[in-house]
Amino acid sequence: MNELEQLISDIQLTGNKTSEQKLMKNIEENSASTINNLLILLAQSRQVSIRAFIAIILRQVLPKSEPSLFMSCSIQLQAHIKKELLLILQNESERYVKHQIVHVISELASILIYRNEWPELIPYIFNILSFQNDNQHHAMILLGLICERNEDSINPTLLRQILSIYDINIKTNDIVHHL
């Protein structure tokens, strides 16, 4: 694990193309183990810049690669990635890193909601929004990004629920100052 963290640090500090190519090659050749290690580092690294960079990498390689790296993963790994991203988002303390994780989740959601392959995501977000805590702000952003990226595939009932959640949160919380 130290080797992966060092590789990411090298990329950040020097912009070393060789290190970047090595990381991408590692992701291509050993996708399951590399993604798992990236998720572990995202959750556990003490360096904020490393965690933020990993979120950016995951955002680039999971949903956007051709073919989608996420979709080429096993069903079990897909479930693990979704679960871990939500858990990491919930536990992350740095706003910037949380923001990057929100974007990873929303990019994945843009693929998966349409296919009805992440049914627990919206209830998870609604649950976060029902408690007044630091995660509400990012849950609102996540919900907005999901709506923006999936506007054609969100059914009217879900849209009414989302609008109701926004209305309740804006009226009952000082969340509007964060947006």
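Figure 1. Asn 116 is exposed, at a relative accessible area of 59%; here exposed means over 50%, buried under 20%, and partly exposed in between, with a 1.4 Å probe and protein chains only. The structure is a predicted model, in which local features need pLDDT of at least 70, side-chain atom pairs count only at pLDDT 80 or more, and totals for chains, interfaces and linings use all residues. Residues are numbered from 1 along each chain as its sequence is written, and side-chain values use heavy atoms, with hydrogens and water left out. The loop that holds Asn 116 runs between α7 and α8 (121-129). Helices are DSSP runs of H or I with at least four residues, strands are runs of E with at least two, and both are numbered from the N terminus. Although Asn 116 is not a glycine, its phi is positive, at about 55°. Most residues other than glycine have a negative phi.

**Figure 2. Glu 117 in the loop between α7 and α8.** Glu 117 is placed in the loop between α7 and α8 and is partly exposed, with a relative accessible area of 29%. Its side chain makes a polar contact with the side chain of Arg 115 at 3.3 Å. A polar contact is a pair of N or O atoms within 3.5 Å; within protein, one must be able to donate a hydrogen and the other to accept it, and residues adjacent in sequence count only if both atoms are side-chain atoms. Leaving out residues up to four places away in sequence, Glu 117 touches Met 71, Lys 82 and Leu 112, where contact means heavy atoms within 4.5 Å. Glu 117 and Gln 78 are 39 residues apart in sequence, and their C-alpha atoms are 9.9 Å apart in space.

**Figure 3. The whole protein.** The protein has 10 helices and 0 strands, and its elements run α-α-α-α-α-α-α-α-α-α from the N terminus on. Of its 179 residues, 47% count as buried. The protein exposes about 9800 Å², and carbon and sulfur atoms supply 51% of this area; the value comes from the Shrake-Rupley method with a 1.4 Å probe. Among contacts between residues at least 6 apart in sequence, 63% join residues at least 24 apart.

Figure 4. A nonpolar core is a set of buried Ala, Val, Leu, Ile, Met, Phe, Trp, Tyr and Cys residues joined through side-chain atoms within 4.5 Å. The largest such core has 53 residues, of which Leu 42, Leu 62, Ile 81, Ile 105, Leu 121 and Ile 125 touch the most other members. Helix α7 (residues 95-112) supplies the largest share of this core, 9 residues. Helix α8 is mostly covered, with 7 of its 9 residues buried: Leu 121, Ile 122, Tyr 124, Ile 125, Phe 126, Ile 128 and Leu 129. Residues up to four places away in sequence aside, Leu 121 touches Leu 86, Ile 105, Ala 109, Ile 113 and Ile 146. In soluble globular proteins, nonpolar side chains tend to be buried together.

**Figure 5. Helices α3 and α6 side by side.** The axes of helix α3 (residues 31-44) and helix α6 (residues 75-91) come within 10 Å and cross at roughly 10°. Axes are lines fitted to C-alpha atoms, for helices over the stretch in contact, and angles run from 0 to 180 degrees between N-to-C directions. Angles under 35 degrees count as roughly parallel, and α3 and α6 are therefore roughly parallel to each other. The contact involves Ala 32, Ile 35, Asn 36, Leu 39, Leu 42 and Ala 43 of α3, together with Leu 77, His 80, Ile 81, Glu 84, Leu 85 and Ile 88 of α6. Ala 32 is partly exposed, at 41% relative accessibility.

Figure 6. His 138 lies in helix α9 (residues 135-149) and is buried, with a relative accessible area of 3%. The side chain of His 138 reaches the backbone oxygen of Arg 95 at 3.5 Å. Not counting residues up to four places away in sequence, His 138 touches Arg 95, Lys 98, His 99 and Val 102. Met 140 also lies in helix α9 and is buried, with a relative accessible area of 1%. Met 140 and Ile 125 are 15 residues apart in sequence and 8.1 Å apart in space, C-alpha to C-alpha.

How values were computed. Parallel < 35°, antiparallel > 145°, perpendicular 65-115°, else oblique.
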